[in-house]
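This briefing sets out how the elements of one protein chain are arranged. Please view the sequence and the structure before reading on.

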Amino acid sequence: MIDNSSTEKGYIKVDQYDDDCVKQLALHYKEIIRLLGENPLREGLLKSPERVAKAMLYCTNGYDLNPEEILRSAMFHEDYKQMVVVKDIEIYSLCEHHMLPFVGKAHVAYIPNGTIVGLSKIPRVVDAYARRLQVQERLTKQIKDCIQQTLNPLGVAVVIEAQHMCMSMRGVQKQNSVT
């Protein structure tokens, strides 16, 4: 399904979702709302199951992306052996343990070995892995492994700094901790 419901002042929002998947997820979210003690038929919650279903599909759309193909789409032969750094790449991911967000920044560096990649492809690879149910440790390794295997550089480094809502909102409740 294509949802272009926002058409205010020249802005057109276009989202694509599998109708059947949205319907199935929405049924489950409606039941979750009911089990939490709320009335899913209340005006403010009436469309929430579908909204949450679409939000979850958006937040996990990395499963539909191939990070290696993203890199391969813009590889160039270049005799350059200095470090290339793309830093402060915003990340938004969902903790696979609590399905709560963790947000932060990724810093990615590599030393080319005859091949460079279009700079925008690095943040796209970060997003492709971040938009899956994740743990920060695996996310860091997946980004590093993808770059290493696809570009075969002399070296790769990935550092991710993130705040985890599962630590801030619940559990230990340490609002200023960064992992």
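At what angle do helix 4 and helix 5 pack, and how far apart are their axes? In this predicted model, helix 4 (residues 121-130) and helix 5 (residues 136-151) pack at an angle of about 135 degrees, and their axes lie 10 Å apart. Because angles over 145 degrees count as roughly antiparallel and those of 65 to 115 as roughly perpendicular, helix 4 is oblique to helix 5.

**Overall architecture**

- The chain contains six helices and eight strands.
- Read from the N terminus, the order of the elements is β-β-α-α-α-β-β-β-β-α-β-α-β-α.
- The C-alpha trace of the chain spans about 65 × 40 × 30 Å along its principal axes.

**Helix 4 and helix 5**

- The crossing in which helix 4 passes helix 5 is right-handed.
- Helix 4 contributes Ile122, Val125, Val126, Tyr129 and Ala130 to the contact, while helix 5 contributes Leu139, Gln142, Ile143, Cys146 and Ile147.
- By residue class, the contact of helix 4 with helix 5 comprises nine nonpolar residues, one polar residue and no charged residue.

**Helix 1 and helix 2**

- Helix 1 (residues 19-35) and helix 2 (residues 48-59) have axes that come within 8 Å and cross at roughly 120 degrees.
- This angle makes helix 1 oblique to helix 2.
- The crossing of helix 1 and helix 2 is right-handed.
- On the side of helix 1, the contact is made by Cys21, Val22, Leu25, Ala26, Tyr29, Lys30 and Ile33.
- On the side of helix 2, the contact involves Ser48, Pro49, Glu50, Val52, Ala53, Lys54, Met56 and Leu57.
- The contact of helix 1 with helix 2 divides into 11 nonpolar residues, one polar residue and three charged residues.

**The second largest pocket**

- The second largest pocket holds about 200 Å³ of space.
- Its lining consists of 10 residues, and those nearest the centre of the pocket are Gln16, Tyr17, Leu57, Tyr58 and Asn61.
- Strand 2 (15-16) and helix 2 each supply at least two residues of this lining.
- Four nonpolar, three polar and three charged residues make up the lining of the second largest pocket.

Definitions and conventions. Residues are numbered from 1 along each chain as its sequence is written. This is a predicted model: local features need pLDDT of at least 70, side-chain atom pairs count only at pLDDT 80 or more; totals for chains, interfaces and linings use all residues. Side-chain values use heavy atoms; hydrogens and water are left out. Axes are lines fitted to C-alpha atoms, for helices over the stretch in contact, and angles run from 0 to 180 degrees between N-to-C directions. Helices (H or I, at least four residues) and strands (E, at least two) are DSSP runs, numbered from the N terminus. Angles under 35 degrees count as roughly parallel, over 145 as roughly antiparallel, 65 to 115 as roughly perpendicular and the rest as oblique. A crossing is left-handed if the near helix is turned anticlockwise from the far one by less than a right angle, and right-handed if clockwise. Contact means heavy atoms within 4.5 Å. Ala, Val, Leu, Ile, Met, Phe, Trp, Tyr, Cys and Pro count as nonpolar, Asp, Glu, Lys and Arg as charged, and the others, Gly among them, as polar. On a 1 Å grid over the protein atoms alone, a cavity is a set of points where a 1.4 Å probe fits but cannot get out, and a pocket is an open set with protein on both sides within 12 Å along at least five of seven lines; lining residues have an atom within 4 Å of a point. Grid points are joined across faces, edges and corners, and a volume is the space filled by probe spheres set on the points.
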